Amino acid sequence: MLSKHMDASSDHRPMARAADPDPVASDHDAVGVPVHRGWAPLGGRHRWMEPFVLVLLAGGGAHGYAITAQLEEMGITSGPVDIGQVYRTLRDLEETGQVTSSWSAEPVGPQRRDYQLTESGYAAIDAWAAVMKERARLIGEFNARYLEAVAAPRSKA
């Protein structure tokens with residue numbers, strides 16, 4: 001979560017608080033469980049748009065269609081990636097100071113907005129990496145218990 005206090009540098013962007021236990025949670029549900037930005041339900045799956053866009057930008061600047069193509073290659077959705085969702089995510093990341101954009105200087109073809117990660121964006125990736133690591137641990141725990149359960153004889157109810 002982002003602090004409401006401003007940085008002393010008058011940069012006017014909120015700073016992430018190091019002591020905040022959920023730096024990537026944008027809200028909490030009615031029982032206090034963090035609701036992470038970019039994790040919208042899509043049937044039985046989730047779109048992890050924000051962390052994947054951030055990590056793709058960490059590899060170098062890119063424009064929206066290139067990011068979309070990479071997301072499709074990774075298979076983060078069960079169908080085509082929603083280009084509108086990619087651009088909404090990029091706009092949200094830019095509004096929070098995690099990404100900057102500028103018009104490309106390519107002499108041919110249509111002008112495109114190139115997106116670059118900021119220091120705040122790199123900090124967000126670190127926070128998302130912690131979230132993903134915990135998710136991976138939980139999936140590993142599930143898989144281990146599942147394998148134990150299926151190896152045992154099944155009781156007939």
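At what angle do helix α1 and helix α2 pack, and how far apart are their axes? The legends below take this up in a predicted model.

**View 1. Packing of helix α1 against helix α2.** Helix α1 (residues 49-58) and helix α2 (residues 64-74) pack at an angle of about 115°, and their axes are 10 Å apart. That makes α1 roughly perpendicular to α2. The crossing of the two helices, α1 and α2, is right-handed.

**View 2. Residues in the contact of α1 with α2.** From α1, the residues Met-49, Phe-52, Val-53, Leu-56 and Leu-57 take part. They meet Ile-67, Gln-70, Leu-71 and Met-74 in α2. By class, the residues of this contact of α1 with α2 are eight nonpolar, one polar and no charged.

**View 3. Packing of helix α1 against helix α3.** Here α1 and α3 pack at an angle of about 75°, with 10 Å between their axes. That makes α1 roughly perpendicular to α3. On the α1 side the contact is made by Met-49, Glu-50, Val-53, Leu-54 and Leu-57. On the α3 side it is made by Gln-85, Val-86, Thr-89, Leu-90 and Leu-93. The residues of the contact of α1 with α3 divide into seven nonpolar, two polar and one charged.

**View 4. Burial of helix α1 and the residue that follows.** Eight of the 10 residues of α1 are buried, so the helix is largely enclosed by the rest of the structure. The buried residues of α1 are Met-49, Glu-50, Pro-51, Phe-52, Val-53, Leu-54, Leu-56 and Leu-57. Gly-60, which follows α1, has a positive phi, near 135°.

**View 5. The largest nonpolar core.** This core has 21 residues. Val-53, Leu-54, Leu-57, Ile-67 and Leu-71 are those with the most contacts inside it. At least two residues of the core come from each of α1, α2, α3 (83-95), β9 (113-117) and α4 (119-151). The element that gives the most to this core is α1, with six residues.

**View 6. Surroundings of Val-53.** Val-53 is buried in α1 and is among the residues with the most contacts inside the largest nonpolar core. Leaving aside residues up to four places away in sequence, Val-53 touches Ile-67, Leu-71, Thr-89, Leu-90 and Leu-93. Ile-67 and Leu-71 belong to the α2 side of the contact with α1, and Thr-89, Leu-90 and Leu-93 to the α3 side.

Terms used: Residues are numbered from 1 along each chain as its sequence is written. This is a predicted model: local features need pLDDT of at least 70, side-chain atom pairs count only at pLDDT 80 or more; totals for chains, interfaces and linings use all residues. Side-chain values use heavy atoms; hydrogens and water are left out. Axes are lines fitted to C-alpha atoms, for helices over the stretch in contact, and angles run from 0 to 180 degrees between N-to-C directions. Helices (H or I, at least four residues) and strands (E, at least two) are DSSP runs, numbered from the N terminus. Angles under 35 degrees count as roughly parallel, over 145 as roughly antiparallel, 65 to 115 as roughly perpendicular and the rest as oblique. A crossing is left-handed if the near helix is turned anticlockwise from the far one by less than a right angle, and right-handed if clockwise. Contact means heavy atoms within 4.5 Å. Ala, Val, Leu, Ile, Met, Phe, Trp, Tyr, Cys and Pro count as nonpolar, Asp, Glu, Lys and Arg as charged, and the others, Gly among them, as polar. A nonpolar core is a set of buried Ala, Val, Leu, Ile, Met, Phe, Trp, Tyr and Cys residues joined through side-chain atoms within 4.5 Å. Buried means under 20% relative accessible area, exposed over 50%, partly exposed in between (1.4 Å probe, protein chains only).
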